[in-house]
Amino acid sequence: MNKEITLEQLASYETAFDGDRANRIAMDAATKNGVNNAAVRFENAREMRHTFNISLEQGDITNQKQSGRCWMFAALNTMRFRIIKKLGVKTFELSQNYALFFDKLEKSNYFLESILETLNEPTAGRLVTYLLSGPLGDGGQWDMFANLVEKYGVVPKEVMPETAASSSTREVIGYLTEKLREFACTLRTAYQNGASMEELRAKKDDMMQTIYNMLCISLGKPPVKFDFEVKTPNGFVRDLGITPQSFFKKYVDMDLSQYISLINAPTADKPYGKTYTVAFLGNVAEGRPVKYLNLPIEALKAAAIAQMKDGLPVWFGCDVGKRSVRDGGVMDLNALDLETLFNTEFTMDKAQRLDYGQSLMTHAMVFQGVNIDDNGKPNRWRVENSWGKDAGVDGYYIMSDAWFDEYMYQVVVDKKYLTEEQRKALEQEPITLQPWDPMGSLASVR
């Protein structure tokens, strides 16, 4: 056989294509409507119903707009749930812009510290190249958000509302990234010219002032104290001069140290029952590192269901774009009949998709319910998204249990919902994964 594609081969491909009338129908449908719309199964609507026998009630749906802050929105949605229940209000929203400000500030510092840690690595080497590829993107992990909240607290949305830059982060991230790469060049060049670590850290302090200034200009200055006032069914609440940290403790009242990340990574290099972390993955330099406990998929389901039965939502991370219909809010392996449309099978399993770069965690959302069948097994999951009320059904998605098996990678639960064996496994020192491992992916889909 030839290495190249010959004209004779092209002609044979065309003849074979034209020989199957289904190809013509598929081509007309896909070129007019798009691949996913052409592949949507009519029957899926009756199979995936938005009814659940465990269903939590949340406030108005949130909208991350043109930003990759899904992980922040999802985490804050689990926290505002507690405020809504505590105050008895219909809806409430915490400031995503406040969290964004400090995430960008802390990620900038974390990046510059990583540059100082790798001064002896070649600039063109894989590690430094990786660090420079994305100094402070929008994405994140649960432990990274927990670090922000433990250090800076949270505030109501009206205390630090959205800005043009927070709702559409591309511009400000671009300019911050440009400065951070410039700063990395400055630090590495100074080191090569004999600068001491003390001198380099002095330079870093000046650099961080520049980053702080750019963030204030783009996002506004974050409050140190604020007045909290809200009308509730039980009366008017007034809390004057409260700090963000005190507000979190008083109104959210969530012990973040008890919440842990369970992952499902069925690859040969990550045995179940072991804990993992990822090198150079973080935001707060002095904060706790990202840590996962890898378990079979059924263990993730059991823990998530147990927490929802106790009346609390569940943060999770998945590969949202796979086998999903955005407009209808459906994540289901049977939502799209791509095999019939393309007349081919897609055969990789979950481990192979991870190993070969076909899938990883891309988006974070919140479980607000689940439907349990007569055999005590979940068959569909209620998902609160952060793409506004026009995405899905009033902002909510439905996930089949089979989709959960294939494209769910992480759930965050209170560790009291683990078995004794799982809690013991959690105490192990984590195995450190390479920075580019798929389990180091950040939830950032907009």
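User: Which residues of α8 are buried?

Analyst: In this predicted model, the buried residues of α8 are Trp 142, Asp 143, Met 144, Phe 145, Ala 146, Asn 147, Leu 148, Val 149 and Tyr 152.

User: OK, on to the rings. How many aromatic pairs are there?

Analyst: The count comes to 19 aromatic pairs. One of them is Phe 316 with Phe 367, and that pair is stacked.

User: Why is the pair of Phe 316 and Phe 367 called stacked?

Analyst: Set the values against the cut-offs. The ring centres are 4.0 Å apart, and a pair needs centres within 6.5 Å. The planes are 20 degrees apart, and stacked means under 30 degrees. Both tests pass, so the pair is stacked.

User: What does the pair of Phe 316 and Phe 367 tie together?

Analyst: Phe 316 lies in strand β7 (residues 314-318) and Phe 367 in strand β10 (residues 363-372), so the pair links parts that are 51 residues apart in sequence.

User: How do you know that Phe 316 counts as buried?

Analyst: Its relative accessibility is 0%, and buried means under 20%, so Phe 316 qualifies. Phe 367 is also at 0% and buried.

User: Then why is Phe 367 with Trp 381 called tilted?

Analyst: The centres are 4.8 Å apart and the planes make 40 degrees. Stacked needs under 30 and edge-to-face over 60, so this pair is tilted. Since Phe 367 is in strand β10 and Trp 381 in strand β11 (residues 378-384), the pair ties together parts 14 residues apart in sequence. Trp 381 is buried as well, at 0%.

User: Which residues form one aromatic cluster?

Analyst: That would be Phe 92, Phe 226, Phe 228, Phe 247 and Tyr 251.

User: How do you know that the charged end of Lys 350 sits over the ring of Tyr 409?

Analyst: The charged end of Lys 350 is 5.0 Å from the ring centre of Tyr 409, and the distance limit is 6 Å. Arg 323 lies over the face of Phe 346, also at 5.0 Å from the ring centre.

Key
Residues are numbered from 1 along each chain as its sequence is written. This is a predicted model: local features need pLDDT of at least 70, side-chain atom pairs count only at pLDDT 80 or more; totals for chains, interfaces and linings use all residues. Side-chain values use heavy atoms; hydrogens and water are left out. Rings of Phe, Tyr and Trp (its six-membered ring) pair if their centres lie within 6.5 Å; planes under 30 degrees apart count as stacked, over 60 as edge-to-face and the rest as tilted. Helices (H or I, at least four residues) and strands (E, at least two) are DSSP runs, numbered from the N terminus. Buried means under 20% relative accessible area, exposed over 50%, partly exposed in between (1.4 Å probe, protein chains only). A charge sits over a ring if NZ of Lys or CZ of Arg is within 6 Å of the ring centre and within 35 degrees of the ring normal.
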